[in-house]
Amino acid sequence: MSYALKRADYEDLFLFPDGDLPPEDKERILAQEYPKTTAAAVTELRTRGLDTDPAGLDYLIKKGRIPEPVGGTGRNRRWTREDIDRAADYLDREQIYVPGTVARMFYNIDPAQDLRAQREAFDASPQLPPNPDLFVMEVLPGAAGVGLRSMVRYRPMTKPEERAWRARIEQAKDGGGQ
């Protein structure tokens, strides 16, 4: 089971966040977005929940784990959507994830559902900044053995929860740990 954001979800959530666009607008946006530099490809992969950097991509190319993009060389490579997806598939298969993706894997959470739930909570609480630290994540169990993902929802912290959270932050700043 994959815990990284798939291409379609990445595009819907990050490239076309304003909803349904006419196909010609999507094509125009994609033409402006790709090919990407190596740094931009790394940013996309990390946004999708995969842990890499330019040196990591170079290593994977040198070891033959992913094919080298056709355009450019070294850190000046030009990464198409397909090139990035091949790197994403490899990193996902090997479970080379950023910490947030590891947490999603642990809880069996679909990344797109998680991000959509966060955005829904942000929209429902416009008085708060869109900062996940200010929201409580509730996990509704799934059943990994039969392929049923857990679902998440977010709600703003209650005042007592926020006070306790801020007190823990101050304690940690003072060297008190948890």
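Visitor: How do the axes of helix H1 and helix H7 lie relative to each other?

Guide: Helices (H or I, at least four residues) and strands (E, at least two) are DSSP runs, numbered from the N terminus, and axes are lines fitted to C-alpha atoms, for helices over the stretch in contact, with angles from 0 to 180 degrees between N-to-C directions. In this predicted model, local features need pLDDT of at least 70 and side-chain atom pairs count only at pLDDT 80 or more, while totals for chains, interfaces and linings use all residues. Residues are numbered from 1 along each chain as its sequence is written, and side-chain values use heavy atoms, with hydrogens and water left out. Here the axes of H1 (residues 7–15) and H7 (residues 111–124) come within 10 Å and cross at roughly 20°. H1 and H7 are therefore roughly parallel to each other, given that angles under 35 degrees count as roughly parallel, over 145 as roughly antiparallel, 65 to 115 as roughly perpendicular and the rest as oblique.

Visitor: Which residues of H1 and H7 make the contact?

Guide: Contact means heavy atoms within 4.5 Å; H1 contributes Asp9, Asp12, Leu13 and Phe14, and H7 contributes Ala112, Leu115, Arg116 and Arg119.

Visitor: At what angle do H3 and H5 pack?

Guide: Helix H3 (residues 38–47) and helix H5 (residues 81–93) pack at about 45°, with their axes 10 Å apart, and are therefore oblique to each other. From H3 the contact takes Ala41, Glu44 and Leu45, and from H5 it takes Ile84, Ala87, Ala88 and Leu91.

Visitor: Is Ser125 buried or exposed?

Guide: Buried means under 20% relative accessible area, exposed over 50% and partly exposed in between (1.4 Å probe, protein chains only). Ser125, in the loop between H7 and strand E1 (135–140), has a relative accessible area of 6% and is therefore buried. Leaving aside neighbours within four places in sequence, Ser125 is in contact with Phe135 and Pro156.

Visitor: Why does the length of helix H8 agree with what its residues should span?

Guide: The expected span of a helix is 1.5 Å times one less than its number of residues. The 15 residues of H8 (residues 159–173) should therefore span 21 Å, and the end C-alpha atoms are 21 Å apart, which agrees. H8 is followed by Gly175, whose phi is positive, near 85°.

Visitor: How many helices and strands are there in the protein chain?

Guide: The protein chain has eight helices and two strands, running α-α-α-α-α-α-α-β-β-α from the N terminus on. Of its 178 residues, 35% count as buried.
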